[in-house]
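Here are a few exercises on aromatic rings. Take a look at the model first, then work through each one.

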Amino acid sequence: CRFFGPTTIAAQAAPEGEYTTRHLSFVPTSDLQMNSDWTFECATELKSDETGFAFVAPLKKSFHTLGPLKFLGLAKQNRYGDEEASDAASPAGVAVVDIDDTTLRLEFSSPLKADTAVVHLQPPIEGMSVNAEHNVVLIGLPYLTPNTHYTVTVNAGIEDVFGQRLEQAATHSFLTGPEKPGLSMETGQWIVEAGNPFFVWS
């Protein structure tokens, strides 16, 4: 069995204990090149210990190796968890996002270790939450100030599940749109005396 890609690398059975009579694991005899296409292939000479039968055709499995940990970009999620494109772009080319119930989604090239993401937002927002899920960092924002330029920074050192660390801090800037028209009022049940005011805010 061999791995075919930018080079050809021989395969060997995984250490004892990682296979059964029906399952056999193989590992390359040297490291595979990162961020490249590979095909694992076993010839028809490989036979079953139980039946003695061999493959009728070579066994092939293609895959792509991950590259170094990189920041891929930022998308916006609405309150329902659906991704949304930026509403517009400023004359300077900076994305403009809605100010309502926004979750920022920072995407990386490989799955992340939990609790290794250190995120800063300028200007800061109280109550911001940060969670790493698979290859994304989700930033929960309780509010955004209208017509404001924000910069998100993920510190260098965030680590993926393979032990790779982000070499440089990742940053992304965006602008918020204007305040939207709205109406706010107290809710509940009460008695209002005739002639006394009842307040609403717009």
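Phe-3, Phe-26, Phe-40 and Phe-63 make up one aromatic cluster. This is a predicted model, where local features need pLDDT of at least 70, side-chain atom pairs count only at pLDDT 80 or more, and totals for chains, interfaces and linings use all residues. Residues are numbered from 1 along each chain as its sequence is written, and side-chain values use heavy atoms, with hydrogens and water left out.

**Exercise 1.** Work out how Phe-3 and Phe-40 pair.

Step 1: ring centres of Phe, Tyr and Trp (its six-membered ring) must lie within 6.5 Å; planes under 30 degrees apart are stacked, over 60 edge-to-face, the rest tilted.
Step 2: the structure has five aromatic pairs. In the one between Phe-3 and Phe-40, the centres are 5.0 Å apart with 50° between the planes, a tilted pair.
Step 3: Phe-3 sits in strand β1 (residues 2-4) and Phe-40 in strand β4 (residues 37-42), so the pair ties together parts 37 residues apart in sequence. Strands here are DSSP runs (E, at least two residues), numbered from the N terminus.

**Exercise 2.** Find out whether Phe-3 and Phe-40 are buried or exposed.

Step 1: buried means under 20% relative accessible area, exposed over 50%, partly exposed in between (1.4 Å probe, protein chains only).
Step 2: Phe-3 has 6%, so Phe-3 is buried.
Step 3: Phe-40 has 13%, so Phe-40 is buried too.

Key: Helices (H or I, at least four residues) and strands (E, at least two) are DSSP runs, numbered from the N terminus.
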